Structures are given as C-alpha cells and as structure tokens.
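Reader: I'd like to learn how to read the inside of a protein model. Can we go through it feature by feature?

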Amino acid sequence: MNYRHAFHAGNVADVLKHAVLALCLERLTQKDKPFAVIDSHAGLAWYDLGGDEARRSPEFKDGIARLWAADIPDAAAPALAPYLAAVRAAKPDGALRWYPGSPALAAEIARPQDRLRLCELHPDDVRRLRDHFDGDARVAVTAGDGYAALNALLPPPEKRGLVLIDPPFEHVDEMAHMAAAAVAALTRWPTGTFVFWRPLKDLWAAERFDVGLAEWLIAERDVAAEKILRADLWVRELGDDGPLAGAGVVVVNPPFQLDEKLRALLPWLSERLKRGDGAGWRLDGAIAEDSLLVDEF
Ligand SMILES: C[S@@+](CC[C@H](N)C(=O)[O-])C[C@H]1O[C@@H](n2cnc3c(N)ncnc32)[C@H](O)[C@@H]1O
C-alpha cells in the first residue's frame, strides 16, 4: 500500500471529482431530511499544499491553483460554486494552502443532521481522520477495506445520500474490483447517488467498467439511461506514458440538472487546465458507441 494522496491532492483529477461531489452534496442539502455520505476510500480530511509531499509533487499547480487565480465565466460559475466555497472554507486570508479531501468537502457541505461514514485502510490516515473529526458527532471512521465495509453500511438508515468510491488504482485488477463492488453496492442500495472515480490510463479497462456498469443497470436493474452520467476531462493526448493525462467519474442516480451544470463547466475547465495538444472532455451516459475514446473498442 504505497499510494499517498498527498502527492496528488488538488490535481486535475481532484478538481473534477470534487466539483461533481460538491454539486451532488449541495443538491442533497435542498431538503431538510438528513442524508448519509459513505466514502469508501477516504484519504485525509485536509492536505497541506505547502507540505513535503506537495512540494515534491506539486500537481495542484496544474489543478486547483489554475482555478484559484481564474476569472470564472458566468456560465461555468454555478458548477464550481459549492466546490470552491468548500475549498475556501480553510482560507480566510485567501491564500491557497490547505486543500480539502473528500471527507472535509463532505463535512463542509453536510449539516448537523447529516452523517459521514469514512472508510480508510492506511493506519496513519485512519488515525489522522479520527483526530481531525474528534468531537464531530456526524462522523464515524471505519478502519479497513472500504469495499468490504460497504456491505455493512448500505443501505444507510437515512435512505438518502451518496456513496463515493475512489480507490487508488495501485493494482492492475482495481477496475474489476470496483466493478464487482459497484454491482454489490447498487444491489443493496439502488436509489443512492453513487460517484465512481477512475483514471483514463488503461482506456479499455475504463471503458469496460463504464459500459459494463451502464449495461448491467439498464438490462438487469431496469434503470433508465438518464440515471447514468459519465464526465471525463483530459489535459493532453490520452494513451501516452507519463503522468496521468485524464480521469473522470461515473455518476449513478445523479441529482437533477447535474448534466446541465457540467455541460456548462467542462469546455471552460478543459481550456483552463489543458497542458498540451489533444486535451478534451466528454459528458455522456457511457452507452453511446460514438462516445468511445478507444476507436477500435
Ligand atoms: C484516491 S485516495 C482517496 C482520495 C479521497 N477520496 C479524496 O477525494 O480526497 C485513495 C485512498 O484509499 C486508501 N485505500 C487504499 N486501499 C483501500 C481499501 N481497500 N479500502 C479503503 N481505503 C483504501 C488509500 O490509503 C488512499 O487514502
């Protein structure tokens, strides 16, 4: 278990994932009824962008830092507002020093009546999460495998809320592992909002996950195609070796108008974050054949 998110916090992949997460959570706050957030691979609450890991690998400079200084156009602003408000929560002086991981983002947006269930395998991160949320009655931290924990945590008693599944993809079989977990979790809780993050590195594996999940939901679970949304962003040509060029999320049971907000955001975000030729984005339902990035798939 070598993966440490502190080397990647605030990068391009975090920006899209966290903007989507914040939009979904903000929508959940529009009803008084409590909701639950289940984060299967939580990482830390906050990341120090001035810390050793971020200094050695300053990926945030091509991610959140490019937004921080940006004049965000009116069309894109609503899609970024809940995310940037949560990022700004720790920076009363306006400096970009601390970046929220998914646990802090969720805690910023959740209300007193809502609950967070954070699962994390790394013992240091478990300890730091528990320290950070000590005294916050909304939050419980489960130490151990997040996929296994989902069996006990789903469905949550609130019967409304969101599951984030955001593994480190250290192992070649992670995509298959996530697919199996997705089927089990959606069988346990068909009406929850699910956000699955995956890298666009092995494009075939990503496509298999997306299309396989969409087809299973539609054919086996009678889910309407509009209940599956895929949003991806890549900052240079996909398929090259080297640092991650792109990533995105598959959202099942997305909140109302998430697609519209992302359609307004993604063209601007792509332009703002691109790092070379071949940058792009897509927003679709994972089932349209002409949307495939892998021509010969
Ligand atoms: C990509 S990071 C999570 C980032 C976080 N969700 C965010 O958006 O800020 C993946 C995390 O999963 C943890 N992890 C690895 N294997 C795990 C497992 N089987 N169950 C739970 N957590 C795991 C890693 O220690 C790491 O903190």
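Author: Buried means under 20% relative accessible area, exposed over 50%, partly exposed in between (1.4 Å probe, protein chains only). This is a predicted model, where local features need pLDDT of at least 70, side-chain atom pairs count only at pLDDT 80 or more, and totals for chains, interfaces and linings use all residues. Residues are numbered from 1 along each chain as its sequence is written, and side-chain values use heavy atoms, with hydrogens and water left out.

Reader: Which residues have the most contacts inside the largest nonpolar core?

Author: In soluble globular proteins, nonpolar side chains tend to be buried together. Here the largest such core counts 105 residues, and I64, Y83, F196, L213 and L262 have the most contacts inside it. The element that gives the most to this core is α1, with twelve residues; helices (H or I, at least four residues) and strands (E, at least two) are DSSP runs, numbered from the N terminus. Take I64: leaving out residues up to four places away in sequence, I64 touches G10, V15, L49, Y83, L84, V87, L96 and Y99, a contact being heavy atoms within 4.5 Å.

Reader: And how many cavities of 30 Å³ or more are there?

Author: Rolling a probe the size of a water molecule over the atoms shows where empty space is left. On a 1 Å grid over the protein atoms alone, a cavity is a set of points where a 1.4 Å probe fits but cannot get out; lining residues have an atom within 4 Å of a point. Grid points are joined across faces, edges and corners, and a volume is the space filled by probe spheres set on the points. The whole structure has two cavities of 30 Å³ or more. The largest has a volume of about 60 Å³, and its lining includes L23, R27, F256 and K261. α1 gives the most to that lining, with three residues.

Reader: What lines the second largest cavity?

Author: Among its lining residues are L21, L25, V37, D39 and L118. α5 gives the most there, with three residues.

Conventions:
On a 1 Å grid over the protein atoms alone, a cavity is a set of points where a 1.4 Å probe fits but cannot get out, and a pocket is an open set with protein on both sides within 12 Å along at least five of seven lines; lining residues have an atom within 4 Å of a point. A nonpolar core is a set of buried Ala, Val, Leu, Ile, Met, Phe, Trp, Tyr and Cys residues joined through side-chain atoms within 4.5 Å.
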